[in-house]
Amino acid sequence: MNMHPTPDAARELAQNVALPFEQARAMPRSVYTSEEFLARELSEIFAKEWVCVGRSTQFAKTGDYITADIAGQPVMVLRDGDGVLRAQSNVCLHRMSTLLQGAGNVRSVVCPYHAWTYNLNGQLRGAPGMALNQGFDRHDYCLPQLRCAEWLGWVLVSLNPDAPDPHSHLQQAADLIAPYGLENYVQTFQEHHHWNTNWKVLAENFMESYHLPVCHADTIGGFVSLEEMDCPPSGAAYNYHTILKDAAAPLTNAHPSNTTLSGDLRRTTVLLTVYPALMITLTPGYFWYLSLHPDGPGKVKIIFGGGLSPDYVNDPKSHEHFAALKDLLDRVNQEDRGCTEKVYTGLCSDLARPGHLSHLERPNYDFATYLNDRIQGRS
Ligand code: FES
Ligand SMILES: [Fe+2]
């Protein structure tokens, strides 16, 4: 496959972001539809940046694991016998079958093809029927190890040995949301979804709340007003905006026992995108997130999870409220699915033209700039 973007998609994106924000338009349709541009996104972005695979609390016990596909590479993340959270290749070192499936708990990693068996740290422990091969020594075999980091409770994986440490790379984003104590929020659900849209259409949908009163008129649209949205310029590794939610929105306000949040922060929702594809909605009472991975230009794989802030975890009523909230989030997600799939259908049309952006779409403009930098090989 040609690993360079079609000149059109990359050039059109560069032209798009050359305009100042005050005159900006939505990104050109080619960046959503081009296979070559997607290949470039995988090699320049998803294979080089940190990708979120879940929350630390999913790896409470030795042997807890999940599998993921990052830029086409099958990987496993697991808690090993020394308590280390480890990311490694999920491909057998014999005839290259994938090893683990889905998520679960294992004592060792046994290949489903000929039972080569690996310790949780990736060392080959045993391989049946290999004693007569004079070149074989099991000590020569260890699954390739990948970068794995925990940041505010997120488990991040990178295929790039030179990726910057997320603790410094994302320090500004961490400072921004420090009063919420996100690392202590408790995940109560995680699901996998698959939608018919480009990953950037869904990412951009998350980055603006301009669509809330309309797309979400039947759910949360009434809890927000366009006048109470703040969309400041972004950092290099993230963008965000904030909205003030009506006190009637369930679980959105700080718990009465919370003493760390004051003033408007007690009812502020932060919508933070950690580039390239981790999107976090953070409120004083709960959080939810999407971690996206492209699956072709027109499909996106989604990890959708969320849970409660520690103030609410011990409140028996809050679980009841959260069940109601989850029901609401599911409906909100369905509305977003409808809107983002319509956008993908629309932008595939030859008649599609990108229009001007609202001042409420500042993060979208900053995201386009970030994409352009990466596609051009700048970090
Ligand atoms: S491919 Fe894994 S044991 Fe043969
Ligand atoms: Fe939405």
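**Strands, helices and loops in a predicted model**

Student: What is the order of the strands in the open sheet of seven strands?

Tutor: Let's first settle what a strand is: strands (E, at least two residues) and helices (H or I, at least four) are DSSP runs, numbered from the N terminus. Two strands pair if DSSP finds at least two bridges between them. In this open sheet the pairing is antiparallel, and the order is β11-β17-β16-β15-β14-β13-β12.

Student: What kind of model is this, and what are the ground rules?

Tutor: Residues are numbered from 1 along each chain as its sequence is written, chains are lettered from A and ligands numbered from 1 in the order in which they are written, and side-chain values use heavy atoms, with hydrogens and water left out. Local features need pLDDT of at least 70, side-chain atom pairs count only at pLDDT 80 or more, totals for chains, interfaces and linings use all residues, and the kind of model is predicted.

Student: Back to the sheet of seven strands: which are its edge strands?

Tutor: The order runs β11-β17-β16-β15-β14-β13-β12. An edge strand pairs on one side only, and that describes β11 (186–195) and β12 (229–230).

Student: In β17, which residue is the bridge partner of W288?

Tutor: Strand β16 (residues 286–294) runs antiparallel to strand β17 (residues 300–308), and nine bridges join them. For W288, the partner in β17 is G306.

Student: α9 packs on the sheet, so to speak; what angle does its direction make with that of β11?

Tutor: α9 touches β11, β16 and β17, where contact means heavy atoms within 4.5 Å. Axes are lines fitted to C-alpha atoms, for helices over the stretch in contact, and angles run from 0 to 180 degrees between N-to-C directions. By that rule, the direction of α9 and that of β11 make an angle of about 20°.

Student: How are α6 and α9 placed relative to each other?

Tutor: Helix α6 (residues 199–207) packs with helix α9 (residues 316–347) at an angle of about 130°, and their axes are 10 Å apart. Angles under 35 degrees count as roughly parallel, over 145 as roughly antiparallel, 65 to 115 as roughly perpendicular and the rest as oblique. The two helices, α6 and α9, are therefore oblique.

Student: Which residues of α9 meet α6, and how many of the contact residues are nonpolar?

Tutor: From α6 come V201, L202 and N205, which meet D336, T340, V343 and L347 in α9. Ala, Val, Leu, Ile, Met, Phe, Trp, Tyr, Cys and Pro count as nonpolar, Asp, Glu, Lys and Arg as charged, and the others, Gly among them, as polar. By class, there are two polar residues, one charged residue, and the nonpolar ones number four.

Student: And is the crossing of α6 and α10 left-handed or right-handed?

Tutor: α6 and helix α10 (residues 362–375) pack at about 140°, with axes 9 Å apart. A crossing is left-handed if the near helix is turned anticlockwise from the far one by less than a right angle, and right-handed if clockwise. Here the crossing is right-handed.

Student: Why is strand β10 largely enclosed by the rest of the structure?

Tutor: Buried means under 20% relative accessible area, exposed over 50%, and partly exposed in between (1.4 Å probe, protein chains only). W154, L156 and S158 point one way from β10, while V155 and V157 point the other way. In a regular strand the side chains alternate between the two faces of the sheet. β10 (residues 154–158) is largely enclosed because five of its five residues are buried.

Student: In β10, which residue is the bridge partner of A149?

Tutor: Strand β9 (residues 145–151) runs antiparallel to β10, and five bridges join them. In their hairpin two residues lie between the strands, and L152 takes a positive phi near 50°. The partner of A149 in β10 is L156.

Student: And in β10, which residue is the bridge partner of G54?

Tutor: Strand β1 (residues 51–55) is antiparallel to β10, with four bridges joining them. For G54, the partner in β10 is V155.

Student: Does T273 count as buried or exposed?

Tutor: T273 has its place in strand β14. Leaving out residues up to four places away in sequence, T273 touches F206, M207, A237, Y238, N239, L278 and M279. At 0% relative accessibility, T273 counts as buried.

Student: What does P256 count as?

Tutor: P256 lies in the loop between β13 and β14. Its relative accessibility is 74%, so P256 counts as exposed.
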